[in-house]
Amino acid sequence: MQAPLTGGKLGLVAFALALGTFMMVLDTTIANVSLTTIAGNLGVSSDNSTWIITAFAVANGVAVPLTGWLMGRFGVVRTFCTAVALFTLASFLCGIAWSLQSLIFFRILQGAVSGPMMPGSQALLISVFPPDKRSTALGVWSMTTLVGPVMGPILGGYISDNYHWSWIFLINVPFGIFTALVCWNGLKSRETPTRKLPIDTVGLGLLVTWVGALQIMLDLGKNADWFNDPAICVLAVIAVIGFLAWVIWELTDANPAVDLSLFKSRNFAIGNIAFCLGYAVFFANILILPLWLQTQVGYTATWAGLIAAPSGMVAVVLSPFAARLSGKVDARILATISFLAFGLSYWMRSGYTPSASAYDFMLPLAVQGVAMSIFFLSMLTISLDKIPPQQLPSATGLSNFARIVAGSFAASIITTAWDRREALHQSRLAETIGQGMPLQMAFQSLQKLGMTSTQAAGAVTRQMVQQAYLLASTDLFRLSAWLCVGLTIIVWFTRRPGAISGHVAAD
């Protein structure tokens, strides 16, 4: 094993590795607030533009299980640097996309090649720091995973409002080139041993089949009247059969792409259920809030992004304290605090009114920052407890895969639920207003302001739609809060874990 790096070289390489993680995490959310801008520019509906988010997430999630094989076959340094170089190329292609279809294809490519970036940067950061500084390495890595999802909407919003949306992706190009060159020059002499390994092509094929079918079903279902459409039924059957076949194959194959035997560990199984559900709720909410602010409240992409700023700032400030607590306080207590803080944040959002100010939108997100600062660390500590060192790469890969795919599924489900609840509330509002006195008074007031009867009807309808979307949003925020309360219960079915430092050292 080679000696850790020191001095300026350590600082430069650590910065480049952290930047690699940051770029990849940033791209999971940078398009969130720009969906309406991209959709308008490409001439498609906002509904269809959510594919830009889910295509990347699913491709990235499916690629993660392949990371262990790639690193063993070609070496960690070569795999990471190649992934960064291909990610940079894919980002350039996304920036020059000429249609929604081409953009989705390039986002799939971008997500697929980025699979090794997070686990690779984590493994290399740990290897270049001395053993007594590994907590610092984990802190650097965790900081990038915390800041990335929050900085994404801010950067994406600013770029969309002031430049062409393509710069959301083109901004990666200079940083990607820098990261690939610095990491290759600084780490090529530290390449890990390689060996010829069998690859589970059948397992990977089945994985792509069932995850892809399920994601397409979720994305198309809302516009295709769900199971009344034969194509949706076919996709559902493919997803179910593909999933069952994949589970059977992975449990019986000698060299599975995904080691499902890890779920025999109680902490890994229950911890990952809580981790995935918590992340799914979080990801769904960071998608729906900027979409609602832009389409219904009248916020620009920049302001929709800035609303999320308190979340990232609070998380960055508190995460070092959370890292110190992790070795001293039961991780289940920290996870409970995290879920309760998430729940409080969502509950505060369920009280939004038509007159809510920017402060009213920001305060719940500051509370969310408290939750984010301890969520990832506490859930990793619980999930990876007592996992043997030789299984840690598989365990972290499987955990990342499940979490990322859960987030992409949640993105599709939340947008469908949002539209369904809006339609329900709109019909109820229409029934309540009817043709009665309140409606006549509203028409008269608007006509006195100079509107024609058609303009007045349009204005009333617009107000009703805005109110319906507000009620739909608060319904989903309230449901999210109760889900987080339920997740605090699930966490306590795990046993008390040890500190995460042991896992990091072993990785």
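## Cavities

In this predicted model, six cavities of 30 Å³ or more are present; a cavity is a set of points on a 1 Å grid over the protein atoms alone where a 1.4 Å probe fits but cannot get out. The largest cavity holds about 260 Å³ of space, a volume being the space filled by probe spheres set on the points, which are joined across faces, edges and corners. Its lining comprises 18 residues, and Met 118, Trp 141, Phe 376, Asn 400 and Arg 403 are the closest to its centre; lining residues have an atom within 4 Å of a point.

Residues are numbered from 1 along each chain as its sequence is written. Local features need pLDDT of at least 70 and side-chain atom pairs pLDDT 80 or more, while totals for chains, interfaces and linings use all residues, and side-chain values use heavy atoms, without hydrogens and water.

## Lining of the largest cavity

Helix H19 (392–433) is among the helices that supply at least two lining residues each, and H19 gives the largest share, five residues. Helices here are DSSP runs (H or I, at least four residues), numbered from the N terminus.

## Arg 403

Arg 403 belongs to helix H19 and is buried, with a relative accessible area of 7% (buried means under 20%, with a 1.4 Å probe and protein chains only). Beyond residues up to four places away in sequence, Arg 403 touches Met 118, Phe 275, Cys 276, Tyr 279 and Phe 376, contact meaning heavy atoms within 4.5 Å.

How values were computed
On a 1 Å grid over the protein atoms alone, a cavity is a set of points where a 1.4 Å probe fits but cannot get out, and a pocket is an open set with protein on both sides within 12 Å along at least five of seven lines; lining residues have an atom within 4 Å of a point. Buried means under 20% relative accessible area, exposed over 50%, partly exposed in between (1.4 Å probe, protein chains only).
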